[in-house]
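User: I would like to learn how to read the sheets in a protein model. Please take me through one.

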Amino acid sequence: MLKAKILLLVGALLPLAMAGEKCVWARGKVLCERNATKQLNAEVRLLDKDGDWVFQTIDPDDSMGVTFANEDGSFTVEGCGYDRDWLPFVTNDPEPYIQIRHNCNTDDGETLILPGFKTFVPDTYEAGTIKLDA
Ligand SMILES: *[C@@H]1O[C@H](CO)[C@@H](O)[C@H](O)[C@H]1NC(C)=O
């Protein structure tokens, strides 16, 4: 009985979830001038500042996607977020931003947060070259 109720609930939520999906393609390059070997495996995470509460419950860190930089620092990351168009005519797109975890300057690691952007598929967001050196 409970199972049937859960299925019903999931079924009711799915169309809502599909409604406002927006996807992001982003690429860029991290640069660690003091030691270029530390560019490799810098963690590049795509997050949504404006995460939907439903998905926030399921996925509290609001991660849309994650990747690791190549040896030359280049990366591409992609993921999808959901908008919250609760009111007609008011669009509330996801607000993606990129977070980079690296240990360019210290072995303990650092987190760098880049400004948010609103470029969605089919356009590619060009994050450019990001200097990690402090
Ligand atoms: C650069 O980083 C690598 C990996 O952490 C390390 O093995 C190497 O000793 C570092 N080189 C210099 C010049 O600090």
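Analyst: What follows goes through the elements, then each sheet, of this predicted model.

User: Which helices and strands does the protein chain have, and in what order do they run?

Analyst: The protein chain has two helices and seven strands. From the N terminus on, the order is α-β-β-α-β-β-β-β-β.

User: How do strands of a sheet pair?

Analyst: Strands pair through backbone hydrogen bonds, and the pairing is either parallel or antiparallel.

User: How many bridges join β2 to β5?

Analyst: Six bridges join β2 (residues 43-48) to β5 (residues 96-102), and the two run antiparallel. As an example, Leu46 has Ile98 in β5 as its bridge partner.

User: What is the strand order in the sheet of three strands?

Analyst: That open sheet is ordered β4-β1-β7, and its pairing is mixed. Its edge strands, β4 (74-82) and β7 (124-131), each pair on one side only. The twist there averages 25 degrees from one strand to the next.

User: Which way do β1 and β4 run relative to each other?

Analyst: They run antiparallel, with nine bridges joining β1 (residues 21-31) to β4.

User: What share of the residues is buried?

Analyst: Buried residues make up 25% of the 134 residues in the protein chain.

Technical notes: Residues numbered from 1 in each chain as written. Predicted model: local features only at pLDDT ≥ 70, side-chain atom pairs only at ≥ 80, totals over all residues. Pairing = 2+ DSSP bridges. Helix = DSSP H or I, 4+ residues; strand = E, 2+ residues; numbered from the N terminus. Axes fitted to C-alpha atoms, helices over the stretch in contact; angles between N-to-C directions. Buried ≥ 20, exposed ≤ 12 C-beta atoms within 10 Å, placed from the backbone.
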